[in-house]
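Biologist: I'm new to this one. Can you walk me through a few spots?
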Amino acid sequence: MVDELGPAEDRRLARELASTLNQAQQALPAAGPGAVAAIRRRYRRRRRQRTGLASLAVAVLVLAVTLTGADLLRSVRQVPPTDERLPGTIRVWAIHQPGDAPALQKLVNRYNRDAEVKVDLQTFGNEEYKEQLRTAVGSADGPDVFASWGGSTLAGLARGGLLADLTPLRDEPGVGSRFLPTALAGGAVDGRQYGIPMGGTQPVVLFYHRGVFADAGVRPPRDYAELLALVDTFKSRDITPIALGGAQGWTELMWVMYLAERIGGPQVTADIVAGRPGAWSNPAVLTALREARALVERGAFGTAFPWTGYDDGTAPGRLAKGQAAMHLMGTWEYPTQLARNPDFVVDGDLGFVPFPAVAGGVGDPAGLVGVPTHYFSVLAGSRQPAAALDFVRAVASDEYLDDLVADGEVPPVTDAADRLRNTEHGGFTSSVHELVSRAPSYGLAWDQALEPAAGAALVRELRRLFEGELTPEQFVAVMAESG
């Protein structure tokens with residue numbers, strides 16, 4: 001079993017193996033999960049035969065290359081794709097959205113029906129997308145239009161002269177006026193608009209399995225002490241208390257962000273994002289890191305979390321199947337579950353509550369962290385700038401906003417309450433809208449708000465912290481040095 005690995009080198013090789021398997025699954029839709037399952041079975045057999053992890057990693061990589069050829073090698077090496085766009089097209093990049101026909105795909109289909117310049121939509125998993133943005137935006141084979149989280153990445157590109165100024169587009173009737181001022185502010189840099197909101201607002205909340213809670217005779221936690229008691233309750237029932245896709249470190253960041261916010265208030269995030277001296281050594285950050293490690297040691301996430309993925313659906317699946325009782329995740333979890341495990345949602349077993357209060361903390365329990373929204377930006381060097389602007393303008397259309405609502409999203413628009421009322425997913429989306437509306441603070445996730453290099457270091461070092469390779473004090477020192 002992978003859970004039995006001990007030495008740090010074995011854990012590092014296992015992480016690389018898990019990453020390769022995830023990339024192989026994404027690169028081989030024709031082979032599907034069955035092919036990856038076969039690789040995993042081979043891995044377990046080899047493990048029982050006491051074959052070294054290093055040899056296994058090489059064997060899996062050889063098998064993956066045999067199956068996928070140059071496409072997988074390009075994915076594993078993270079080499080940007082070659083520029084193969086057709087004449088008369090614009091390339092649009094975004095994070096993959098769950099479902100066969102999400103709102104963005106419908107928008108592209110509508111646009112392409114009448115447009116002379118067509119849209120070529122390319123979507124990526126979360127981690128892959130971050131790497132693509134770092135390496136390909138602004139290059140000859142990059143996108144014309146791309147989605148981002150705002151924050152330092154957007155600011156850096158804008159100040160570097162790589163983005164088109166969208167202020168005139170924002171000021172058009174029926175475009176900027178549709179969105180909440182706070183949402184527009186996240187796409188502004190130095191008083192000019194470089195990003196137009198293109199997705200729902202996505203705070204991080206604590207999801208739970210209502211059926212599992214009912215069987216245990218317990219209720220969702222109202223404070224952190226109750227959360228810890230629930231960990232012990234579900235462990236005693238042989239249920240993983242909290243699902244965690246630790247194969248991707250951004251899932252672990254949610255715990256540290258919320259604990260730091262609840263303990264020290266929103267200024268903790270503001271100081272880290274601004275790069276203020278001593279921000280990482282704030283006592284609230286150190287306490288949050290210690291609490292996160294204590295959760296790991298308490299068994300809150302089980303033992304397999306370092307090799308459990310989120311983008312591949314494993315962590316959400318554990319919650320849906322009742323193998324885990326809770327899952328701290330952005331509200332994109334709802335459309336993800338709707339697409340992957342629809343019965344779980346339709347049967348009413350998916351519930352959520354805000355992150356619980358921490359006794360003695362100064363943070364308001366109504367404060368939020370997560371993704372206020374995503375933004376579309378246009379590259380200054382687009383070959384089809386007029387078409388790119390025209391496509392971005394369409395995210396303010398009624399059809400697109402209604403499709404977001406139909407997907408279970410909460411668009412950050414002024415008439416959101418009216419749009420959400422009496423809709424299929426109105427119970428969930430209206431509750432999210434209420435949380436956002438009354439939140440005294442709403443911080444952008446640290447890995448997105450920081451400069452790309454610092455964000456990558458944050459995610460990498462968090463994995464080491466959660467796996468016991470770093471102490472909280474060592475983590476603080478590493479992050480303070482990274483800037």
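This is a predicted model: local features need pLDDT of at least 70, side-chain atom pairs count only at pLDDT 80 or more; totals for chains, interfaces and linings use all residues.

Biologist: Start with valine 285. Where is it found?
Modeller: Valine 285 sits in helix α14, which covers residues 283-298.

Biologist: Is valine 285 buried or exposed?
Modeller: Buried. Its relative accessibility is 0%, and the cut-off for buried is under 20%, so valine 285 counts as buried.

Biologist: What does valine 285 touch, leaving out residues up to four places away in sequence?
Modeller: Val268, Ile272, Ala279 and Trp280.

Biologist: And how far apart are valine 285 and valine 476?
Modeller: In sequence, 191 residues. In space, they are 8.3 Å apart, C-alpha to C-alpha.

Biologist: New topic. Which residues of helix α16 are buried?
Modeller: Helix α16 runs over residues 333-340, and its buried residues are Glu333, Tyr334, Pro335, Thr336 and Gln337.

Biologist: What covers those buried residues of α16?
Modeller: The cover includes strands β7 (202-209), β9 (324-330) and β10 (350-353). It also includes helices α15 (314-320), α17 (342-346) and α21 (426-438).

Biologist: Now the helix pair. At what angle do the axes of α23 and α24 cross?
Modeller: Roughly 170°, and the axes come within 10 Å. Helix α23 is residues 452-466, and helix α24 is residues 472-482. That angle is over 145 degrees, so α23 is roughly antiparallel to α24.

Biologist: Which residues meet there?
Modeller: From α23, Ala454, Ala457, Leu458, Glu461, Leu462 and Leu465. From α24, Pro472, Phe475, Val478, Met479 and Ser482.

Biologist: How many of the contact residues are nonpolar, polar or charged?
Modeller: The contact of α23 with α24 has 9 nonpolar, 1 polar and 1 charged residues.

Definitions and conventions
Residues are numbered from 1 along each chain as its sequence is written. Side-chain values use heavy atoms; hydrogens and water are left out. Helices (H or I, at least four residues) and strands (E, at least two) are DSSP runs, numbered from the N terminus. Buried means under 20% relative accessible area, exposed over 50%, partly exposed in between (1.4 Å probe, protein chains only). Contact means heavy atoms within 4.5 Å. Axes are lines fitted to C-alpha atoms, for helices over the stretch in contact, and angles run from 0 to 180 degrees between N-to-C directions. Angles under 35 degrees count as roughly parallel, over 145 as roughly antiparallel, 65 to 115 as roughly perpendicular and the rest as oblique. Ala, Val, Leu, Ile, Met, Phe, Trp, Tyr, Cys and Pro count as nonpolar, Asp, Glu, Lys and Arg as charged, and the others, Gly among them, as polar.
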